[in-house]
Amino acid sequence: MRRLSLRIRKWTADMLDLPQDVVFDLPRLTMIGDRQLYIENHRGVIHFSPDRLRLALPKGELEVFGSGLVIRGIWTEEVFVEGVITQVHING
């Protein structure tokens, strides 16, 4: 049944020309060099320190590692992070 649901979602996304992150409830990451990261479709901050950020996702977690990390903006489903970003990891 789950496989059929995924097929229907994919077909709908293709037919209506919708972005797959919207249809499949996936996070969207936009990274500018190793200095800025914009994350959409998160479910909240789990942990934050100058060297690590953990965010809840609809299906799992996102971890950002680096140094001098600063949250420049945080909204309902969006986070803007600056600093030296060394690693981004999705668990899920």
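Here are a few questions and answers about this predicted model.

Me: Happy to start with the overview: what pattern does the chain follow, read along the sequence?
Reply: The chain has two helices and six strands. Read along the sequence, the pattern is α-α-β-β-β-β-β-β.

Me: Nice, and which strands are the edge strands of the sheet?
Reply: The six strands form an open sheet with antiparallel pairing, in the order 1-2-6-5-4-3. An edge strand here pairs on one side only, and that holds for strand 1 and for strand 3, residues 44-49. On average, neighbouring strands of this sheet are turned by 35° against each other, direction ignored. The edge strands, then, are strand 1 and strand 3.

Me: Let's look at strand 3: which residue in strand 4 stands opposite Val 45?
Reply: Strand 3 pairs with strand 4, residues 52-57, in the antiparallel sense over five bridges. In strand 4, the residue opposite Val 45 is Leu 55.

Me: Does Val 88 count as buried, exposed or partly exposed, and why?
Reply: Val 88 is found in strand 6. Buried means under 20% relative accessible area and exposed means over 50%. Because its relative accessibility is 32%, Val 88 counts as partly exposed.

Me: Finally, how much of the chain do buried residues make up?
Reply: The accessible surface of the chain comes to about 6,100 Å², and 56% of that belongs to carbon and sulfur atoms. Of the 92 residues in the chain, the buried ones make up 26%.

Definitions and conventions: Residues numbered from 1 in each chain as written. Predicted model: local features only at pLDDT ≥ 70, side-chain atom pairs only at ≥ 80, totals over all residues. Heavy atoms only, no water. Helix = DSSP H or I, 4+ residues; strand = E, 2+ residues; numbered from the N terminus. Buried < 20%, exposed > 50% of the residue type's maximum accessible area, 1.4 Å probe, protein only. Pairing = 2+ DSSP bridges. Axes fitted to C-alpha atoms, helices over the stretch in contact; angles between N-to-C directions. Areas by Shrake-Rupley, 256 points an atom, 1.4 Å probe, with all protein chains shown as cover.
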